Amino acid sequence: MAPSPALRCCKRTLNWIPVLFINLVVGWSYYAYVVELCVYTITDNVERISYLIIFHIFLAIFIWSYWKTIWSKPASPSIAFALPRAEKELFEKEERAEMQQEILKRAARNLPVYTRTAGGAIRYCTYCQVIKPDRCHHCSTCEMCVLKMDHHCPWVNNCVGFSNYKFFVLFLAYASLYCAVICATVIQYFIKFWTKEHAETPAKFHILFLFFVAALFFISIMSLFSYHLWLVGKNRTTIEAFRAPVFANGPDKNGFSLGFRRNMAEVFGDRAKYCFFPVFSSQGDGHSFVTRLVHIDPEQAKGVLQQNGKIPANGETSLSVPPSEATSKEKTDGDQIVAVTVDSEP
Ligand SMILES: [Zn+2]
Ligand SMILES: [Zn+2]
């Protein structure tokens, strides 16, 4: 049973609590740094002004990327991925799963859809009534299908996906830098207060806590940032890191990887001047992705698959290829595309 509108409204409001928490921490850090440290504690004017300038530059770019991550609407599949009216009626009337699959296969024939369910079926969202584009997943919190969905992030109360993944990675980077700047500039006053070298003032409490909180956030955000940078380098989403995308011939965790440089460009764009700012510069449209999937001669494909350890020497290229996490070697480093999957669709 669907939740009542009042319950949904209540849930939507509660979802903002983590964002409110982050805002309160950032607000307090601003007060502690600007007022308690720079105004009341630092006596040297040159030091005070240079700290304030550096602090505000990092705060501004951190808030900018956080804002863009929160307010970028998740991108959903275009109308081209919805079933045509007649097909939809047929699909809804049909009770046999295999016949429903036939309808979906017919509809997906002209769509750039190469990934399948674990059972080899066309991926279809019954909630949104669309054929899911590659890397698209349904988010139960946002109640919609999200293109290149990475995960639903409670700290930004938004889905992280094609439309804001770059902003999210930059938000992690600049949040880490913001914490690093605070730690690096506060540490000398932290030591002075800690060793009682500096006279006790009401600022002591704020400065001690500011250092602890910034250091704690720095460690946790930095580890998350490193993980996402690794994912970008491998061209995987968080979902794909846990469950390899399934292609026509089986799962391939490196199915979208095109080599480190091109993987980075897919998220950050290829123009250096936009890479470091939270402006949209990701490549593609979110519906189709360059894959290592190439239409090649089945015999040649079998050779490549054997080379990659995806099938035994006498094996068949079929849907029954098992996920071979350990043996599916990255072959695309240095931007050399190697086919590892074969399209078995007619
Ligand atoms: Zn959906
Ligand atoms: Zn979501």
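Mentor: Let's start with burial: a residue is buried if 20 or more other C-beta atoms lie within 10 Å of its own, exposed if 12 or fewer, and partly exposed in between, with C-beta atoms placed from the backbone. In this predicted model, 35% of the 346 residues of the protein chain count as buried. Local features here need pLDDT of at least 70 and side-chain atom pairs count only at pLDDT 80 or more, while totals for chains, interfaces and linings use all residues. Residues are numbered from 1 along each chain as its sequence is written, and chains are lettered from A and ligands numbered from 1 in the order in which they are written.

Trainee: How many helices and strands does the protein chain have?

Mentor: Helices (H or I, at least four residues) and strands (E, at least two) are DSSP runs, numbered from the N terminus. The protein chain has 11 helices and nine strands.

Trainee: At what angle do α2 and α7 pack?

Mentor: Axes are lines fitted to C-alpha atoms, for helices over the stretch in contact, and angles run from 0 to 180 degrees between N-to-C directions. Helix α2 (residues 17-39) meets helix α7 (residues 203-234) at about 130°, with the axes 10 Å apart. Angles under 35 degrees count as roughly parallel, over 145 as roughly antiparallel, 65 to 115 as roughly perpendicular and the rest as oblique, so α2 and α7 are oblique to each other. Two residues are in contact if their C-beta atoms, placed from the backbone, lie within 7 Å. On the α2 side the contact includes Val25, Ser29 and Tyr33, and on the α7 side Ile207 and Leu210 are among the residues.

Trainee: Which residues touch the most other members of the largest nonpolar core?

Mentor: A nonpolar core is a set of buried Ala, Val, Leu, Ile, Met, Phe, Trp, Tyr and Cys residues joined through C-beta atoms within 7 Å. The largest has 56 residues, and Ile131, Phe171, Ala175, Ile182, Val186, Ile207 and Leu210 touch the most other members. Helix α6 (residues 165-194) gives the most to this core, 17 residues. Beyond its neighbours within four places in sequence, Ile182 is in contact with Ser29, Tyr33, Leu210 and Ala214.

Trainee: Is Glu143 buried or exposed?

Mentor: Glu143 counts as exposed because it has 11 C-beta neighbours inside 10 Å. Glu143 sits in the loop between β4 (137-139) and β5 (144-146), and has a positive phi of about 55° although it is not a glycine.
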